[in-house]
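Dear colleague,

Please find below the structure that I am handing over to you. My notes on what was found in it follow directly after it.

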Amino acid sequence: MRATTGASAIARSVVALLLLTAGIAQAGPAEQRGRKLYLGYGCSYCHGSIGQGGGRSGGAGPKLAPDALPYAAILGQLRQPYGIMPRFSERIVPDCDVADISAYLRSIPAGKSAHEIDLLR
Ligand code: HEC
């Protein structure tokens with residue numbers, strides 16, 4: 001029954017591919033643009049590539065996602081940062097870019113908890 005096994009393996013691959021494509025398609029244009037801006041402005045340098053915090057620099061920033069702050073709070077932090085984060089003015093990062101960065105951060109899903117990962121049980 002090799003042929004059947006092969007066919008079902010192909011069917012499984014197709015289903016997996018469709019699920020993967022569906023997952024990618026969930027990020028709309030604002031989220032995709034926001035991701036590029038987030039990386040391009042160097043937020044990721046301090047806050048990690050998916051907002052997980054840490055980053056690579058000495059002034060490592062806190063975790064920004066999942067459960068990202070609302071747009072207004074992110075905007076406020078950029079314009080008048082508390083602590084050691086550098087200020088990003090409207091001329092450097094316009095409000096519309098902050099909105100897309102906010103959309104991106106809010107679209108980052110939570111990871112699985114330890115008890116949902118087989119190897120950690
Ligand atoms: C040089 C490092 C650095 C860069 C670059 C940076 N941040 Fe930060 N950020 C920080 C630090 C550090 C804090 C925490 C403030 C503190 O403790 O001084 C912070 C705090 C924040 C907070 C508040 C988080 C909270 O939970 O209170 C937000 C939102 C934020 N940053 C967004 C951004 C965005 C968006 C960018 C890119 C446009 C960015 N940051 C770039 C270092 C950085």
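Helix 4 and helix 5 are oblique to each other, a term for angles that are not under 35 degrees (roughly parallel), over 145 (roughly antiparallel) or 65 to 115 (roughly perpendicular). Their axes come within 9 Å and cross at roughly 125°; axes here are lines fitted to C-alpha atoms over the stretch in contact, with angles from 0 to 180 degrees between N-to-C directions. Helix 4 passes helix 5 in a right-handed crossing, meaning that the near helix is turned clockwise from the far one by less than a right angle. On the helix 4 side, Y71, I74, L75 and L78 meet D95, V98, A99, I101 and S102 of helix 5, where contact requires C-beta atoms, placed from the backbone, within 7 Å. By class, this contact has seven nonpolar, one polar and one charged residues. Nonpolar covers Ala, Val, Leu, Ile, Met, Phe, Trp, Tyr, Cys and Pro, charged covers Asp, Glu, Lys and Arg, and the others, Gly among them, are polar.

This is a predicted model, in which local features need pLDDT of at least 70, side-chain atom pairs count only at pLDDT 80 or more, and totals for chains, interfaces and linings use all residues. Residues are numbered from 1 along each chain as its sequence is written.

The protein chain has five helices and zero strands, these being DSSP runs numbered from the N terminus (helices: H or I, at least four residues; strands: E, at least two). Of its 121 residues, 17% are buried (20 or more other C-beta atoms within 10 Å of a residue's own; exposed, 12 or fewer; partly exposed, in between; C-beta atoms placed from the backbone). Among contacts between residues at least 6 apart in sequence, 52% join residues at least 24 apart.

Turning to the ligand, 23 residues surround it, and the closest are C43, C46, G61, G83 and M85; a residue is near a molecule if its C-beta atom, placed from the backbone, lies within 6 Å of it. Helix 3 (43–47) and helix 4 (71–79) are the elements that give two or more residues to this shell. Helix 3 gives the most, with four residues. The shell divides into 16 nonpolar, seven polar and no charged residues.

The loop between helix 3 and helix 4 holds P66, which a cis peptide bond joins to A65, with omega about 0°. D67 also has its place in that loop. Phi of D67 is near 60°, a positive value in a residue other than glycine. D67 counts as exposed because it has 11 C-beta neighbours inside 10 Å.

Yours sincerely

Definitions and conventions:
Contact = placed C-beta atoms within 7 Å.
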